[in-house]
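User: Hello! I am new to this structure and would like to get to know it step by step. Could you walk me through it?

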Amino acid sequence: MSTSREWRVARISRTALVAVACLALAGTASAQIQESLFRAGDGTAYQVLTASNLGGGAENIRVTTIAGSISGAGSCAATSGMQNQSTSAIGGVIAPQMSLHPYGQITRTYILTPNDISVINFNSAFGGRVTLGTGGSALNICHTASDCNAQVNVQPLVPLTSSLGNVPPACIAPGRAAECDNFQGRTVLGFGVDASGDPPVCDDPSEVTVNSTVCGAQPADGFTVNSGQAIVFVYNSTLQNDGFAVATGGFGISTDLLNNPSCPNPNSIVSATGDNDSQPAPPPPTNTPTNTPTNTATNTATATNTPTATFTATFTFTPTSTSTFTPTRTNTPTPTNTPPPTNTRPPIPVVPSPTSPAGLVMIIGLGGGLLWALRRMVRKN
């Protein structure tokens, strides 16, 4: 069986992704590496490889090549059902049109065994979070530690130079040519091969297995993913405006003699597998206007060991006396027609008679008064 797929990523205004796929099929695959690609909000890419649906007597996948790139990646696989016939698989990029993601900006997990390999969840917020499995035993993988806060079973990430987690160090292998790919040269990441330099380049790229035979021995290079297991590669740095593509290649391995090609030896190649995927750049963040009060006084309480009575000013509404118009009933006098007074002649004053006692008293009084007045005048002179 042969399969060949190529994903090329073209950047248009640094945000558009164009992917072109070419597919050729012949025969039947009996073991598959399942590949998923996720993009976080900050552009980080997560390549998740799982081994599932293994048939043809394969118990695991021996992964020999992987690749990740903003400019595209491709894969192919070819095998047959007869002993000693050729088989091939590869996942890589074609130089110079494509280039691998920078070696130092790639990290990976150990080989993982989640409680349910069929359940893969992804939270794209910030740097992203991959969750493998279900419930309290689910495994969490984050490029940025803060994105895994409050999560359980957080898995460590190590650089490609690490040999931890049942995966040997990786090196860059240029010019690997697989039969299923018409022997065109690809640059790949290989594993478990002597290397030198920084970043490390495989001393002998031909030691990275891309061609073999059915029932041939399990490749000495690469790493093993058993059925039900997974591994995650994380590609970070400034990827927010770029599409991204990943690819992988490997071989199905039978650990016993129960296999379709009837291989005479255990740990033999019974199939080939390859896969690739691509995703566009994540959407840009949405600007949400936030109303922020300006010149807002903030009272900050200061803790003091000594109890202190604090008076807090409270604005209390105090009613103000206001003149209120109250209507008052006023009795209005009723006009009464009163006849005007009758004109009467005034009476004639009555003067006492000089001969009457009253007249005599009046004359004596007048005379006494006149005498007193004359005497005062004499004294003054």
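This is a predicted model: local features need pLDDT of at least 70, side-chain atom pairs count only at pLDDT 80 or more; totals for chains, interfaces and linings use all residues.

User: Is L366 buried or exposed?

Analyst: The relative accessibility of L366 is 59%. A residue counts as exposed when this value is over 50%. L366 is therefore exposed.

User: Which residues make a nonpolar surface patch of about 290 Å²?

Analyst: The patch has an area of about 290 Å². Its members are M362, I363 and L366.

User: Let's turn to the cysteines. How many disulfides does a search of the whole structure find?

Analyst: A disulfide is a covalent bond between the sulfur atoms of two cysteines. With bonded cysteines counted along the chain, the pattern of these links is 1-5, 2-3, 4-6, 7-8. The number of disulfides found in the whole structure is four.

User: How many residues apart in sequence are the parts that C76 and C180 tie together?

Analyst: C76 and C180 form a disulfide, with 2.0 Å between their sulfur atoms. C76 lies in strand β8 (residues 72-78), while C180 sits in the loop between β15 (170-177) and β16 (185-191), so the pair ties together parts whose separation in sequence is 104 residues.

User: Are C76 and C180 buried or exposed, and is their link right-handed or left-handed?

Analyst: Both cysteines are buried. The angle about the S-S bond of C76 and C180 is 55 degrees. That link is right-handed.

User: What is the torsion about the S-S bond of C142 and C148?

Analyst: A disulfide joins C142 to C148, with an S to S distance of 2.0 Å. C142 is buried at 8% relative accessibility, and C148 is buried at 6%. The disulfide of C142 and C148 is right-handed because its torsion is about 85 degrees.

User: And is the disulfide of C215 and C263 right-handed or left-handed?

Analyst: The sulfur atoms of C215 and C263 are 2.0 Å apart, and the two cysteines form a disulfide. C215 is in the loop between β19 (211-213) and β20, and C263 is in the loop between β22 (244-254) and β23 (268-279), 48 residues apart. Both C215 and C263 are buried. The torsion about their S-S bond is about -85 degrees, so the disulfide is left-handed.

User: Now for the rings. How many aromatic pairs does the structure hold?

Analyst: A pair of aromatic rings is described by the distance of the centres and the angle of the planes. F223 and F233 form one of the pairs here. The structure's count of aromatic pairs is six.

User: Which strands hold F223 and F233?

Analyst: The rings of F223 and F233 are 6.3 Å apart centre to centre and form a tilted pair, with 45 degrees between the planes. Both residues are buried. The pair links distant parts of the chain, 10 residues apart: F223 is in strand β20 (residues 223-226) and F233 in strand β21 (residues 230-235).

User: Is the pair of Y235 and F244 stacked, edge-to-face or tilted?

Analyst: Y235 is buried at 0% relative accessibility, and F244 is buried at 0% as well. Their ring centres are 5.0 Å apart. The planes stand at 50 degrees, so the pair is tilted.

Note on methods:
Residues are numbered from 1 along each chain as its sequence is written. Side-chain values use heavy atoms; hydrogens and water are left out. Rings of Phe, Tyr and Trp (its six-membered ring) pair if their centres lie within 6.5 Å; planes under 30 degrees apart count as stacked, over 60 as edge-to-face and the rest as tilted. Helices (H or I, at least four residues) and strands (E, at least two) are DSSP runs, numbered from the N terminus. Buried means under 20% relative accessible area, exposed over 50%, partly exposed in between (1.4 Å probe, protein chains only). Patches are made of residues with over 30% relative accessible area and no salt bridge: like charges are joined within 9 Å, nonpolar side chains (Val, Leu, Ile, Met, Phe, Trp, Tyr) within 5 Å. Accessible areas come from the Shrake-Rupley method with a 1.4 Å probe; for residues, only the protein chains shown count as cover. A salt bridge is a side-chain nitrogen of Lys or Arg within 4 Å of a carboxyl oxygen of Asp or Glu. A disulfide is a pair of cysteine sulfur atoms within 2.5 Å.
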